[in-house]
Amino acid sequence: MSEPATNPAVTAFPAPTISLPLGLQILRTYSGALICLEIIFGGLVWILVASSNVPVPLLQGWVMFVSVSTFFCSSVYLLLFLLGLADRINTDWNLMDVLYHFTALLFYFSALVLEAAVTAARGVIRSTNSSIPGCVTAPSGNILTFLDNRQYSINVAATIFAFVVTLCYACSMFMGFRRWQM
């Protein structure tokens, strides 16, 4: 008798490639610690920008979108490893790690630049004519944002934390790239 034909599609899928530990052990690795820092500091960026009442919605809207989106995506990513679900999904997790952190790095770098631009563009009201109070002089083409001291301080803190999160995503991407190459 001949052997039954096997379905080649069933046997073509390789086992998932994971070099990170599953469960609580991921929190003992540098990658797990960086993901936790990304979540914590990304949440701080989100909270700080929202608490400044978003004085420049066109620019800070992107910062809010990036910080909220990456906060949730990083949380889901960490939960996949904490709950051991990454072992059940057949994919190259090392490649997925690099792609996710590269995308998040690009998004957060753009958010950092916009948040720094809003903070640096703080205008100081100078009266050029004593009969017109609050008249502002600025060279044409410059952008001025009028932030009170509280909004300015909050935006400075948000810029610093956005920088820290960007560094965390860069380190995670570099570490993921090294794991993917091995």
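In this predicted model, helix 2 and helix 4 pack at an angle of about 30 degrees, and their axes lie 13 Å apart. Angles under 35 degrees count as roughly parallel, so helix 2 is roughly parallel to helix 4. Their crossing is left-handed. On the side of helix 2, the contact is made by Ile35, Glu38, Gly42, Val45 and Val49, and on the side of helix 4 by His101, Tyr108 and Glu115. Sorted by class, the residues of this contact are four nonpolar, two polar and two charged.

The protein chain has five helices and zero strands. Read from the N terminus, its elements follow the order α-α-α-α-α. The chain has 182 residues, of which 34% count as buried. Among contacts in the chain with a separation of 6 or more, 78% are between residues 24 or more positions apart.

Helix 5 comes next. Two packed helices are described by the angle between their axes and the distance between the axes. For helix 2, which covers residues 30-51, and helix 5, which covers residues 149-181, the angle is about 155 degrees and the axes are 8 Å apart. An angle over 145 degrees counts as roughly antiparallel, and helix 2 and helix 5 are therefore roughly antiparallel to each other. The crossing of these two helices is left-handed. The residues in the contact of helix 2 with helix 5 comprise 19 nonpolar, four polar and three charged.

Helix 4 also packs with helix 5, at an angle of about 160 degrees and with the axes 8 Å apart. That angle makes helix 4 roughly antiparallel to helix 5. Here too the crossing is described: helix 4 passes helix 5 in a left-handed crossing. In the contact of helix 4 with helix 5 there are 22 nonpolar, eight polar and three charged residues.

Which residues have the most contacts inside the largest nonpolar core? They are Val45, Val49, Val63, Tyr108, Ala162, Val165 and Tyr169, in a core of 17 residues. At least two residues of this core come from each of helix 2, helix 3 (57-82), helix 4 (93-120) and helix 5. Helix 4 gives the most, with six residues. Val49, one of the residues with the most contacts in this core, touches Val54, Gln60, Val63, Met64, Glu115 and Ala158, leaving aside residues up to four places away in sequence.

Ser172 lies in helix 5. Is Ser172 buried or exposed? Ser172 has a relative accessibility of 3%, and therefore counts as buried, since buried means under 20% relative accessible area. Not counting residues up to four places away in sequence, Ser172 touches Leu34, Glu38, Asp97 and His101.

Ala170 and Phe102 are 68 residues apart in sequence, while their C-alpha atoms are 7.5 Å apart in space.

Where is Leu22 placed? Leu22 is in the loop between helix 1 (8-11) and helix 2. Because its relative accessible area is 30%, Leu22 is partly exposed. Leu22 touches Phe81, Gly84, Ala86 and Asp87, again without residues up to four places away in sequence. Leu22 and Leu79 are 57 residues apart in sequence and 9.8 Å apart in space, taken from C-alpha to C-alpha.

Definitions and conventions. Residues are numbered from 1 along each chain as its sequence is written. This is a predicted model: local features need pLDDT of at least 70, side-chain atom pairs count only at pLDDT 80 or more; totals for chains, interfaces and linings use all residues. Side-chain values use heavy atoms; hydrogens and water are left out. Axes are lines fitted to C-alpha atoms, for helices over the stretch in contact, and angles run from 0 to 180 degrees between N-to-C directions. Helices (H or I, at least four residues) and strands (E, at least two) are DSSP runs, numbered from the N terminus. Angles under 35 degrees count as roughly parallel, over 145 as roughly antiparallel, 65 to 115 as roughly perpendicular and the rest as oblique. A crossing is left-handed if the near helix is turned anticlockwise from the far one by less than a right angle, and right-handed if clockwise. Ala, Val, Leu, Ile, Met, Phe, Trp, Tyr, Cys and Pro count as nonpolar, Asp, Glu, Lys and Arg as charged, and the others, Gly among them, as polar. A nonpolar core is a set of buried Ala, Val, Leu, Ile, Met, Phe, Trp, Tyr and Cys residues joined through side-chain atoms within 4.5 Å. Buried means under 20% relative accessible area, exposed over 50%, partly exposed in between (1.4 Å probe, protein chains only). Contact means heavy atoms within 4.5 Å.
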